[in-house]
Amino acid sequence: MSSEPPETRTRILAAALHLLETRQGQAVRMSDIAKKAGVSRQAVYLHFNTRAALLIATTLYLDELKDVRTRLVPSRTAKSGAERLDAYVGAWADYIPEIRGVAKALMAMADTDEEAAEAWKKRMEDMREGCAAAIEALRADGTLSPDYTAREATDLLWTLLSVRNWEHLTLERGYSQPRYKDLLLRTARRLFVRAPRSTS
């Protein structure tokens with residue numbers, strides 16, 4: 001059992017989050033985090049036995065700060081597959097600009113930093129689970145496009161929602177955030193929701 005007070009864990013997570021957002025992809029070491037949090041390296045390791053565990057916990061801490069659970073309520077309580085798809089895509093589209101600092105840091109570090117790569121992979125696996133739930137809701141109510149298997153649709157939606165795609169459209173091509181979100185919602189609908197049968 002750690003003898004460190006409970007708030008120490010939060011201080012460590014807040015320090016890690018700050019460094020990830022401000023270092024612009026430079027490696028963030030356990031010693032850097034300890035110094036920023038005002039604790040010893042040993043104290044950091046008492047709470048997080050590996051750097052990868054700390055980086056993963058930092059992304060979850062950011063989710064807590066941004067109240068992701070509440071943001072996902074409309075998706076999780078949707079009455080139809082199409083509503084769930086819209087709600088999930090919309091929530092993620094709104095969330096990307098808020099997590100971009102941490103996302104960019106982990107992506108930049110991932111090529112040369114196995115623990116950062118592990119943390120980013122875990123974050124993307126969690127996001128893919130949300131995509132899978134939205135696609136499964138379409139499949140369950142019979143409105144998933146016949147053009148894809150559920151797995152194909154999940155992987156395609158997961159790719160469509162990537163942070164890099166957001167960067168391409170908003171930062172490189174100059175689309176506004178509302179325009180980006182609108183395009184994403186309409187594209188997801190056209191790709192994955194079965195077109196209504198003609199009555200003629």
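Guide: The largest cavity holds about 50 Å³ of space. A cavity is a set of points on a 1 Å grid over the protein atoms alone where a 1.4 Å probe fits but cannot get out. Points are joined across faces, edges and corners, and the volume is the space filled by probe spheres set on them. This is a predicted model: local features need pLDDT of at least 70, side-chain atom pairs count only at pLDDT 80 or more, and totals for chains, interfaces and linings use all residues. Residues are numbered from 1 along each chain as its sequence is written, and side-chain values use heavy atoms, without hydrogens and water.

Visitor: How many cavities of 30 Å³ or more are there in the whole structure?
Guide: One.

Visitor: Which helix gives the most to the lining of the largest cavity?
Guide: α7, with five residues. α4 (51-65), α7 and α8 each supply at least two. Helices are DSSP runs (H or I, at least four residues), numbered from the N terminus. Lining residues, with an atom within 4 Å of a point, include Tyr95, Trp120 and Arg123.

Visitor: New topic. Which residues of α10 are buried?
Guide: Val163, Trp166, Glu167 and Thr170. Buried means under 20% relative accessible area (1.4 Å probe, protein chains only).

Visitor: What covers the buried residues of α10?
Guide: The cover includes α7, α8 and α11. Contact here means heavy atoms within 4.5 Å.

Visitor: And what follows α10?
Guide: Gly174, with a positive phi near 80 degrees.

Definitions and conventions: 1 Å grid on protein atoms, 1.4 Å probe; cavity = no way out; pocket = protein on both sides within 12 Å on 5 of 7 lines; lining within 4 Å. Buried < 20%, exposed > 50% of the residue type's maximum accessible area, 1.4 Å probe, protein only.
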